[in-house]
Amino acid sequence: MASVTDTGSEVRAPDHAPSPPVKPGAAPRAASRRRVRGVPSPLTLRILAVNVLALLLLVGALLYLGRYQDRLVQAELDALETEARIFASALGEGAVQRAAEEPEQGQESYELSPELGRQMIRRLALATETHTRLYGPDGRLLSDSRVLTGSPGKIEIQELPLPPAGDPASRAVNEFYARFIDVVPSRENLPLYREPPGHAAESAAPPPNVERALAGENSATVWRLASPVARSNLLLTVAVPVQRYKEVLGAVLLSRSGTVIDEAIRSVRTDILRVFAVALLVTVLMSLYLAGTIARPIRKLAQAADRLRTGHGRHTEIPDFTRRGDEIGELSGVLRDMTAALWARMDAIERFAADVAHEIKNPLTSLRSAVETVSRIQDPARRDKLMAIIADDVQRLDRLISDISNASRLDAELSRAALEPVDIGAMLRTLADIHHTTAEDADEKGDEEDGDGADAPPSVLIEPPRGGSLTVKGLEGRLTQVFQNLIANALSFSPPGGQVRLAARRTPDGAVEVTVSDDGPGIPEGKEEAIFERFYTERPAGEKFGTHSGLGLSISKQIVEAHGGTIRADNRLGPGGETIGAVFTVRLPRPARAG
């Protein structure tokens, strides 16, 4: 079919086409799709959200550090217990023999010397910087490393919280971090430790750790401080019994702040946050790049499609992103092909409408002229001739409108119907048998009327199919229509007694090739493509005008191309190069394999 290029034409919708309802005061749909410049697109925000959320979840899980804190606490408690055992062993060795009122034979009794215990506790605590306390067997506090005893009296050393450092912003960050580490991992379940103020510690009841140590058991506890010291709200205590020959002489209690643990956790979290900052920056940049490679081309495609929908003419072109080699490039190619197909379809509709108007106008003009003339003619013979012309024109119009209706419904039917396996060989044999049976009936009727069979009608011969099975995927009814049209066309051009030959074979590439040849005058030179155009007619001499609408071959080509095949027309040449007939070749592709 000849192509028509129109660079400035405007295709108008039919007058009866319904327009979409628009609510009063509603903005046009195209306006709602316009994006404010400088505002990230929703797709960009979604990509950022997905990528950053995954990174935040990972970093949040790393920052939890619950098991890491537990291991640090356990290691600190083990080290503190080791120190406590050393202290207890030293204090046990320094115990003095108690003077018994009624000593038994071979029995010795020992007790702790408060003065000697104070000196040893002070010496040992200075080396470890650990708050160390010594309790007697009755639970009374004997010595405290933070209480110095001298001639002026007692001096108590109390560790005070560090003064706030840095500017208000830094202090706010530190306060937030202190609250954060109290929650992640949670320390609310730890027992609260309250230190007795001043000298009240001497008369206060011993802690539970000391009571268990006085019973001969080592005891370790992790406490939560109400007022953090040295930026830590953890306190670790270990109580170990002081023994001499299995005799419990007292208990030593070691206390240490969790500053080292918090500093270790802070250091790890700082490293994690540094890596997170770099990873976040890379993630945001990569997300923006990814969003740009996805959202920007899609936005350009959408804008071009919108301009194509609202604009006039064909100056708007869909951007070509096929070189990307991804789904967006595929989408761009499909949209470009779809746009080209739409323009081609509109051109075909425009040409079809013009051809239909032209073809219908001819019989209408003849009909109008005959109707206007018949009322003024008095001769019955001429009047009967005009009435015959009117009847022929009406019949021609009816046939033409039926063919046009079938042609206009063909596209919709081919797009909706499901393809099924069709045996081309069986179809051709059936068509040949139908023609053979019909021709025999016509011959018998003609012999009865004429009494001779001089002008025998053309016959249809079918060659045995070659190449095994000739099954293709298609619509059996429409493919039958194709070969019926080709056979009818060949029969109309074949001389009396001629032959129409049908042949089918499977080609090496798996396609099915069918040829329909005749013994007619052939195709006029240069008209091999034109005969497939709508309403093209090149009928044999002597055939009654208006018998054919000129849509048969056009419909056949449309059906074959809808099945992914091709159809062509050629002339058959004799030994001397003369034309001895026409041959039509239909090629249908092999069925696609499932999966």
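A nonpolar core is a set of buried Ala, Val, Leu, Ile, Met, Phe, Trp, Tyr and Cys residues joined through side-chain atoms within 4.5 Å, where buried means under 20% relative accessible area (1.4 Å probe, protein chains only) and exposed means over 50%, with partly exposed in between. The model is predicted, so local features need pLDDT of at least 70 and side-chain atom pairs count only at pLDDT 80 or more, while totals for chains, interfaces and linings use all residues. Residues are numbered from 1 along each chain as its sequence is written, and side-chain values use heavy atoms, with hydrogens and water left out.

The largest nonpolar core has 43 residues, and Ile424, Phe483, Leu486 and Phe584 have the most contacts inside it. Helix 12 (residues 476-493) supplies the largest share of this core, seven residues; helices are DSSP runs of H or I with at least four residues, strands are runs of E with at least two, and both are numbered from the N terminus. A second, separate core comprises 26 residues, including Leu91, Leu249, Val252 and Ile265.

Contact means heavy atoms within 4.5 Å. When residues up to four places away in sequence are not counted, Phe483 touches Ile424, Met427, Leu428, Leu431, Val514 and Val586. Thr585 lies in strand 17 (residues 579-588) and is buried, because its relative accessible area is 5%. With neighbours within four places in sequence left aside, Thr585 is in contact with Glu513, Val514, Thr515, Thr566, Ile567 and Arg568.

Val278 is found in helix 8 (residues 259-310). Val278 has a relative accessible area of 53% and is therefore exposed.
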